[in-house]
Amino acid sequence: MRHVRRRTVRRATRLAAVGGLLLGGVMVTQAAMASETPATGTAAGGAAQSVASTGADLVKRLGTARTAGAWVDSEGRPVVAVTDENSAAAVRAAGAEAKVVGHSMNELKSAAAALRSAPRVAGTAWVMDYKSNQVVVRGDRTVSASDWGRMTDVASGIGSFVRMERTEGTFTTRLNGAQPILSTGGRCSAGFNVTNGSNDFILTAGHCGPTGSDWFADNQGAQQVGRTVNSTFPGSDFSLVQYAGGKAGAGADIVAIGDGNGVRITGVGDAAVGQRVFRSGSTTGLRDGEVTGLDATVNYPEGTVSGLIETNVCAESGDSGGPMFSEGVALGVTSGGSGDCTTGGTTFFQPVTKALAQLGVQLIVAAPSEAAQNGASPAPSEGAPQPSSSPTQAAVAPGSVTPGSTTPVTGDTAAVSLAARLTDPRNIGPGLLVIAGSLVALVATRYIRAEQDRKAYQRHYSANWG
């Protein structure tokens, strides 16, 4: 993936016709739907919390000298890496699977610390691979042979449990593209809406813009969305955009996933290795994949960011700052990665829990009555909206997990009938359908989606920020 630099507002505005829109901080995306249709039930979500908590609790109880992380296997069972048979027996007695490994979490952390203390090499990243009991160091195509050689020497000095890998593409932040909020530096995706009890904010990526950046809903700068009041990058990758009107407005607890549907956000949690997750972005829509590592470090060209969630979910330029979630629980905001959604790749996310704790804000979640009507289990509400107290989420068999309970997202559907007429075989000659059907469908879809987004965009902002 080539490094993406910030474009001007004029350039970003031209891209808006094919991108997503922000409705009260909610991403409305031109989504390529995930392989499974979102369900409204929460049985899987409840089981997920219990299963994932089992592994996390065992790791905490046994300690980092006797364990080396936990994950969820393909059957949805918690697995804990342990360093001795006594610890393995304790894990099995608690109902979890045990895997005896050669290196403890303390050793893995010590290896990561040694890598951090070495001279910084842009284009490299490392993460603790719990399943292989190794620290995996990756270098993208921008890393020279000499720099890679020096990194290899550092890794060799640490031990054989540090594995070196070259990766395709380039580790970059995912800024620019067709985004819903604009500044003089470009555009960025909104992640989740949050509040401090008095004012509401957009939680997004820190590399989107420094403190003081003004964001607008139009390229003329007439409709101000808000201003960045707190930004951390590098080191971490999160920022707060305070709404100009003080409040996020209606639908602040919904993340749209396309086709007129949205996922109602009911809480916040920590990701688990092996967990199936979903990411929404205005460039590539709704995509799903698996958490492959935690506490990852990435050396972007702009600086080093640590404590990230590593996934095999694809992302492209313009998806930066967008939300990652599972079963309606907020997990992260898109930071960066390598690859694309054609060949696949690696994407890193800033954990939401860490950002909320450092910023002193809370996630805006569905009110109890709203969540109950949509089949969700919300967090208790006292004053300002409260996040879920669950430390982990969606640690069930990956194939059974959904984005979360769905709810309609209002949008202009007038163009749908046009799509039906253009793609109905009864209205098109068989020969023409064979020759030009695919081209017509592609052009029609682009036009319809662009028109729907543009009209929804105009309606919302004229009502809320006009």
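Trainee: Is Phe171 buried or exposed?

Mentor: Buried means under 20% relative accessible area, exposed over 50%, and partly exposed in between, with a 1.4 Å probe and protein chains only. Phe171 has a relative accessible area of 1%, so Phe171 is buried. Phe348 is buried too, at 2%. Keep in mind that this is a predicted model, where local features need pLDDT of at least 70, side-chain atom pairs count only at pLDDT 80 or more, and totals for chains, interfaces and linings use all residues. Residues are numbered from 1 along each chain as its sequence is written, and side-chain values use heavy atoms, leaving out hydrogens and water.

Trainee: How many aromatic pairs does the structure hold?

Mentor: Rings of Phe, Tyr and Trp (its six-membered ring) pair if their centres lie within 6.5 Å; planes under 30 degrees apart are stacked, over 60 edge-to-face, the rest tilted. The structure holds two such pairs. With ring centres 5.9 Å apart and planes at 65°, Phe171 and Phe348 are edge-to-face. Phe233 and Tyr300 have centres 6.4 Å apart and planes at 40°, so that pair is tilted.

Trainee: How exposed are Phe233 and Tyr300?

Mentor: Phe233 is partly exposed at 23%, while Tyr300 is buried at 0%.

Trainee: Which residues of H5 are buried?

Mentor: Helices (H or I, at least four residues) and strands (E, at least two) are DSSP runs, numbered from the N terminus. In H5, the buried residues are Trp148, Met151 and Ala155. Their directions from the helix axis to the C-beta atoms define an arc; these residues fall within 60°, so they line one face of H5. On the other side, Asp153, Ser156 and Gly157 are exposed.
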